[in-house]
Amino acid sequence: MPPPADIVKVAIEWPGAFPKLMEIDQKKPLSAIIKEVCEGWSLGNHENFALQIADATNFYITEKNRNDIKNGSILRLTTSPYQTAVQLHERIQSSSMDAKLEALKDLANASRDITFAQEFINLDGISLLTQMVESGTDFGDLLSFTLTAFVELMDHGIVSWDTFSVAFIKKIASYVNKSAMDTAVLQRSLAILESMVLNSQDLYHKVAQEITIGQLIPHLQGTDQDIQTYTIAVINALFLKAPEEKRQFDEHIVDILNCPLTEMAHILAQKQLRSIILSNVIRSPTPINDEMAHQLYVLQVLTFNLLEDRMMTKMDPQDQAQRDIIFELRRIAFDVECEPNNSGSIEKRKSMYTRDYKKLGFINHVNPAVDFTQIPPGMLALDNMLYFAKHHQDAYIRIVLENSSREDKHECPFGRSSIELTKMLCEILKVGELPSENCHDFHPMFFTHDRSFEEFFCICIQLLNKTWKEMRATSEDFNKVSCVCVF
């Protein structure tokens, strides 16, 4: 006959004693079970004791998680979370450096458990740790374990990040800005800065005042992938939280090394940072782990998201500057100069424009500006077309002329193709979407080109045209050809 479902058989350890085999009735209060265990070892004051999982986690058993205990589990009788918190609170203030270090090691380990963390925080333990950091008297392992305990405690989300002082932020930033710093301290400091930025808009502004790209670049040029990962995570966090106006590209920025990280888009537009990541991370002999891949993916998504505004901007058919882009596409394709106003009749000029716009593959031959009023992809499609025409001119002219000489039913219309392809690339590259927490898919090409989205487009539009010819496709086959060449 199987045992009742509420009964679990476990072994319970106590230092210096043989383990006890017990049957725990899950219907009984946990306090009653602890009292029974204590009495078995003749221990008084059972309220000062608790049960833990006897593994690397040492997590406390509580009324909330007690149902996770399985038959055959090994538990440990230990001091209660409150008693442990009080003892560690006192020990980390010891005047003996050796005793203090051992206490901080124990605190860093115990702080992973939310039950203990709550008790230590209730003793104003976070304030004690921040004061120790601000005092600047601890270095090396003492500082490392202090920061580790701080990170573990804050990860539970019990204390608001908005409570920390400028002095504490400056001290953490100083550990990142130093040219030579203990690896563990640097790693924890980067993790703290990332959490500050992600969890508080006010702290974002304060952190952004303390960190520059010139101070972070050396951490990317090292060989420690964990440090590189945390560094890119800080860059991503600042980029994600930057006000919208701070994310816009500006080709005139020059002083990259001293540029604040609030100007993230300016920095990411520079080949220097991309080449550093390409050389020291992507092409490193060390395989890229999942966390690094995720941070590279996030950086890629946040940068592509800068295109969202253009993607969602309709063309204004009355805007002469925007219409001039279409004129430029026509000029490059057919090597024509803009005709003066008096060169032929209005009807003749309109007829020539209509003929050329048809060859360029626009849907609206009379007023192609109308083609770019669909959002997405909006003006982004026109940006891609102009980039292709200017930077891959021979391929652009060849595609336009090849299709203008085909039978109408077999032509691959460049204009329509560019608009649809840009829309597909926006969907594939998730333009305008927040990064997924679990995605690790990044494109190394993103780090080899300053205009990677446009280069993606240029590759795909040529592949689309090639596939179109090979399939002898017609306009009805457009979606089929697109799927073949893009996916």
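This is a predicted model: local features need pLDDT of at least 70, side-chain atom pairs count only at pLDDT 80 or more; totals for chains, interfaces and linings use all residues.
Me: How many helices and how many strands does the chain have, and what percentage of its residues count as buried?
Reply: The secondary structure consists of 22 helices and four strands. A residue counts as buried under 20% relative accessible area. Of the 487 residues of the chain, the share that counts as buried is 47%.

Me: Among contacts between residues at least 6 apart in sequence, what percentage join residues at least 24 apart?
Reply: A contact here means heavy atoms within 4.5 Å. Among the contacts in the chain between residues at least 6 apart in sequence, the share that joins residues at least 24 apart is 69%.

Me: Which helix gives the largest share of the lining of the second largest pocket?
Reply: The second largest pocket has a volume of about 450 Å³. Of the 19 residues that line this pocket, the closest to its centre are E194, L198, H294, Q295 and V298. Two or more lining residues come from each of helix 8 (183-199), helix 11 (225-241) and helix 14 (290-304). The largest share, seven residues, comes from helix 11.

Me: From which domains does the lining of the second largest pocket draw at least three residues each?
Reply: By class, this lining has nine nonpolar, six polar and four charged residues. The domains that each give at least three residues to the lining are domain 2 (83-312) and domain 3 (320-485).

Me: Is N236 buried or exposed?
Reply: N236 is a residue of helix 11. Leaving out residues up to four places away in sequence, N236 touches Q295, V298, L299 and L302. The relative accessibility of N236 is 3%, and the cut-off for burial is 20%, so N236 counts as buried.

Me: What is the volume of the largest cavity?
Reply: Rolling a probe the size of a water molecule over the atoms shows where empty space is left. The structure holds one cavity of 30 Å³ or more. The residues I24, Q26, L30, I33, L51, I61, R66 and I69 line the largest cavity, and by class they are six nonpolar, one polar and one charged. The volume of the largest cavity is about 40 Å³.

Me: Is F372 buried or exposed?
Reply: F372 is placed in the loop between helix 17 (346-359) and helix 18 (379-391). Beyond residues up to four places away in sequence, F372 touches several residues, including K314, M315, F362 and L382. Its relative accessible area is 1%, so F372 is buried.

Me: How far apart in space are F372 and T313, C-alpha to C-alpha?
Reply: T313 is among the residues that F372 touches. Along the sequence, F372 and T313 are 59 residues apart. In space, their C-alpha to C-alpha distance is 8.8 Å.

Me: Which residue does a cis peptide bond join to P377?
Reply: The loop between helix 17 and helix 18 holds P376, and P377 also has its place in the loop between these helices. A cis peptide bond joins I375 and P376, with omega of about -20°. A cis peptide bond with omega of about 10° joins P377 to P376.

Me: What distance separates the C-alpha atoms of F334 and D356?
Reply: F334 lies in helix 16 (residues 320-334) and, at 17% relative accessibility, counts as buried. Apart from neighbours within four places in sequence, F334 is in contact with D356, K359, L360, V400 and L401. F334 and D356 are 22 residues apart along the chain, and their C-alpha atoms are separated by 8.1 Å.

Me: Is N45 buried or exposed?
Reply: N45 has its place in the loop between helix 1 (30-40) and strand 3 (49-53). Its phi is near 50°, a positive value in a residue other than glycine. The relative accessibility of N45 is 52%, and the cut-off is over 50%, so N45 counts as exposed.

Me: What is the relative accessible area of K430?
Reply: K430 is placed in the loop between helix 20 (414-428) and helix 21 (452-471). Although K430 is not a glycine, it has a positive phi of about 60°. K430 is partly exposed, and its relative accessible area is 37%.

Note on methods: Residues are numbered from 1 along each chain as its sequence is written. Side-chain values use heavy atoms; hydrogens and water are left out. Buried means under 20% relative accessible area, exposed over 50%, partly exposed in between (1.4 Å probe, protein chains only). On a 1 Å grid over the protein atoms alone, a cavity is a set of points where a 1.4 Å probe fits but cannot get out, and a pocket is an open set with protein on both sides within 12 Å along at least five of seven lines; lining residues have an atom within 4 Å of a point. Grid points are joined across faces, edges and corners, and a volume is the space filled by probe spheres set on the points. Ala, Val, Leu, Ile, Met, Phe, Trp, Tyr, Cys and Pro count as nonpolar, Asp, Glu, Lys and Arg as charged, and the others, Gly among them, as polar. Domain bounds come from an automatic or database domain assignment.
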